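Work through the exercises below with the sequence and the model side by side. Try each task before reading its solution.

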Amino acid sequence: MSKPHYDREHHVKKATGIGDPQCFKGEAGPAKFKVGDRVRVKDLPDIFYNRCQVYTRGATATVVELVYESPPAEDEAWDNCENPEWFYSLVFKQKDLWPDYSDTFANDTLETELSERWLEPA
Amino acid sequence: MSTSTRDKVMQHLNIVGHLQPALHEETHAPAPDQIDNAHYRAYTRMAHDVGGEPDVPIRWEEKEEEVWEHNTFVTCECLAWRGVWNAEERRRRQNVDVGQTQYLGLPYYGRWLLTAARILVDKQYVTVSELSNKMDEVKKRYE
Amino acid sequence: MSDQHEELHQPAAMVDEVSEFEVLELAVRELCIEKGLFSADDHRRWTEYMHTLGPAPAAHLVAKAWLDPEFKKTAVTDGVKASLDVGIDWVNSMPTNFGTPSDYCNLRVLEDTPTLKHVVVCTLCSCYPRPILGQSPEWYRTPNYRRRIVRWPRQVLAEFGLQLSADIEVRVEDSNQKSRFIVMPVRPEGTEGWTEDQLAEIVTRDCLIGVAVPQVGKTENDKRPVRPAVNPYKH
């Protein structure tokens with residue numbers, strides 16, 4: 001069996017002088033969500049790798065920014081860059097994440113970024 | 001005074017005897033009827049996903065950087081610069097693929113370092129024989 | 001703590017023999033260079049680039065924004081563009097000319113207000129805006145900080161000496177993808193008429209992470225124990 005060949009040039013060719021994630025701009029197609037939308041984080045299977053914190057699963061949040069387009073971490077972790085997605089910045093009420101969070105601090109929030117596959121309308 | 005290989009073996013067995021899987025169970029490697037979906041999820045959890053786990057307050061410390069820590073970081077960035085891996089592949093390997101024991105047991109840059117060695121072997125840029133010989137040779141320089 | 005526990009965590013042999021980490025680091029680096037994966041010159045250039053890094057550019061970005069409302073607008077909407085004014089080009093300042101592989105090129109500046117306080121963590125990997133803030137502190141990398149700050153932020157902030165009243169919204173930023181974050185704290189009273197350099201001096205690294213707030217007369221992070229290195233790297 002011959003040794004595998006890895007393309008070590010594709011990222012440098014794409015990103016030089018532009019930057020990452022800027023180099024994926026325009027590749028994700030229309031965004032499914034807009035600023036102000038209420039979304040729920042899907043509890044997709046945890047198989048091998050992802051960057052969607054388990055503590056966010058099933059919780060609702062508000063989209064506060066469409067931050068960039070990029071291959072999702074789950075694909076890029078094996079150098080698969082063919083299917084970029086929109087990434088959204090989301091704000092959660094802490095009370096919606098942690099049942100024991102004090103009522104005194106009900107205004108406290110948490111912000112994090114997730115790609116479109118992790119979100120559904122709430 | 002250098003420690004003999006057999007002493008090191010005994011010390012190693014003493015340490016690994018104290019390692020535990022994430023949950024303490026009566027038997028290790030359970031039969032399928034002994035593991036429900038909640039336990040499957042616990043055992044296959046990604047070691048990096050620690051947000052919200054209960055823990056006790058600790059002393060917040062700064063730390064001097066070791067020479068090897070600095071060099072490891074630079075090596076990992078050079079490997080990405082020259083296309084051997086991308087940062088997401090590095091993060092996947094060093095924060096999840098290493099497993100819970102190494103994730104929690106090794107220093108932060110220790111995981112970076114093991115992962116840098118591993119990518120060379122996994123992608124067949126270096127054989128394990130070459131790596132092992134090189135390590136042996138480097139060790140001898142210090143004797 | 002039992003003696004046995006001490007023994008497990010205090011490998012005294014580290015002091016008088018080369019560590020496995022040092023051996024492996026040298027082996028990996030030499031093999032990479034021998035196989036042509038990168039050059040010794042690449043490694044040297046990246047080390048030189050690391051020597052240029054620290055929190056000063058981020059502190060100046062905040063100071064500049066405090067002084068110039070137009071610049072502040074740019075900073076909060078386009079952190080990468082604003083960074084250019086403090087000498088940091090997120091794409092071209094580093095040897096790659098495509099940004100640093102690990103920190104990407106999407107800085108977001110989080111603006112505090114009198115009723116909103118940000119604090120940054122990366123629960124998944126301790127990612128950090130190195131190009132504008134330098135290397136991360138050890139405490140920021142600990143699983144302990146990453147576990148607790150997202151769920152008990154007020155308790156953790158109190159451990160850092162920051163007590164916040166209930167009318168202030170605490171917002172934890174869990175940096176988990178390609179964006180990197182710095183906090184733009186509220187400009188403290190008593191700094192009227194100060195220059196950018198004077199203001200930048202009180203915007204410490206801890207203020208930029210969000211575990212401290214700027215104070216007149218305080219130009220350093222809180223004193224904490226420093227764990228010494230066996231073989232320290234001289235910056």
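A nonpolar core is a set of buried Ala, Val, Leu, Ile, Met, Phe, Trp, Tyr and Cys residues joined through C-beta atoms within 7 Å. A residue is buried if 20 or more other C-beta atoms lie within 10 Å of its own, exposed if 12 or fewer, and partly exposed in between, with C-beta atoms placed from the backbone.

This is a predicted model, in which local features need pLDDT of at least 70, side-chain atom pairs count only at pLDDT 80 or more, and totals for chains, interfaces and linings use all residues. Residues are numbered from 1 along each chain as its sequence is written, while chains are lettered from A and ligands numbered from 1 in the order in which they are written.

**Exercise 1. Find the largest nonpolar core and the residues with the most contacts inside it.**

Step 1. The largest core has 74 residues. Val62(C), Val203(C) and Leu208(C) have the most contacts inside it.

Step 2. Look for the main contributor. Helix α4 (residues 56-67) of chain C gives the most, with 7 residues. Helices (H or I, at least four residues) and strands (E, at least two) are DSSP runs, numbered from the N terminus.

Step 3. Take Val62(C). Setting aside neighbours within four places in sequence, Val62(C) is in contact with Met184(C) and Val203(C). Two residues are in contact if their C-beta atoms, placed from the backbone, lie within 7 Å.

Step 4. Another core, of 32 residues, lies apart from the largest one. Its members include Val74(B), Leu113(B), Val126(B) and Cys32(C).

**Exercise 2. Describe the contact between chain A and chain C.**

Step 1. Count the residues. Chain A gives 27 and chain C gives 25.

Step 2. Name the elements on the chain A side. α1 (10-15), β2 (60-70) and β4 (109-115) each supply at least two residues. The largest share, 5 residues, comes from β4(A).

Step 3. Sort the chain A side by type. There are 12 nonpolar, 10 polar and 5 charged residues. Here Ala, Val, Leu, Ile, Met, Phe, Trp, Tyr, Cys and Pro count as nonpolar, Asp, Glu, Lys and Arg as charged, and the others, Gly among them, as polar.

**Exercise 3. Trace the sheet that holds strands of chains A and C.**

Step 1. Write the order. The open sheet has 7 strands: β5(A)-β1(A)-β2(A)-β3(A)-β4(A)-β3(C)-β2(C), with mixed pairing. Two strands pair if DSSP finds at least two bridges between them.

Step 2. Cross from chain to chain. β4(A) pairs with β3 (residues 169-174) of chain C in the parallel sense, over 4 bridges. Thr109(A) has Arg171(C) as its bridge partner. Thr112(A) stands opposite Asp174(C).

Step 3. Check the flanking pairs. β3 (residues 85-93) of chain A and β4(A) run antiparallel, joined by 7 bridges. Tyr88(A) is bridged to Leu114(A) there. β2(C) and β3(C) run parallel, with 6 bridges. Their partners include Lys117(C) with Val170(C) and Val119(C) with Val172(C).

**Exercise 4. Are the residues on the two faces of β4(A) buried or exposed?**

Step 1. Recall the pattern. In a regular strand the side chains alternate between the two faces of the sheet.

Step 2. Read one side: Thr109(A), Glu111(A), Glu113(A) and Ser115(A) are buried. On the other, Leu110(A), Thr112(A) and Leu114(A) are buried too. That covers 7 of the 7 residues of β4(A).

Step 3. Turn to β3(C). Here 5 of the 6 residues are buried, so the strand is largely enclosed by the rest of the structure.

**Exercise 5. Summarise chain B by its elements and burial.**

Step 1. Count 7 helices and 1 strand.

Step 2. From the N terminus on, the order is α-α-β-α-α-α-α-α.

Step 3. Chain B has 143 residues, and 34% of them count as buried.
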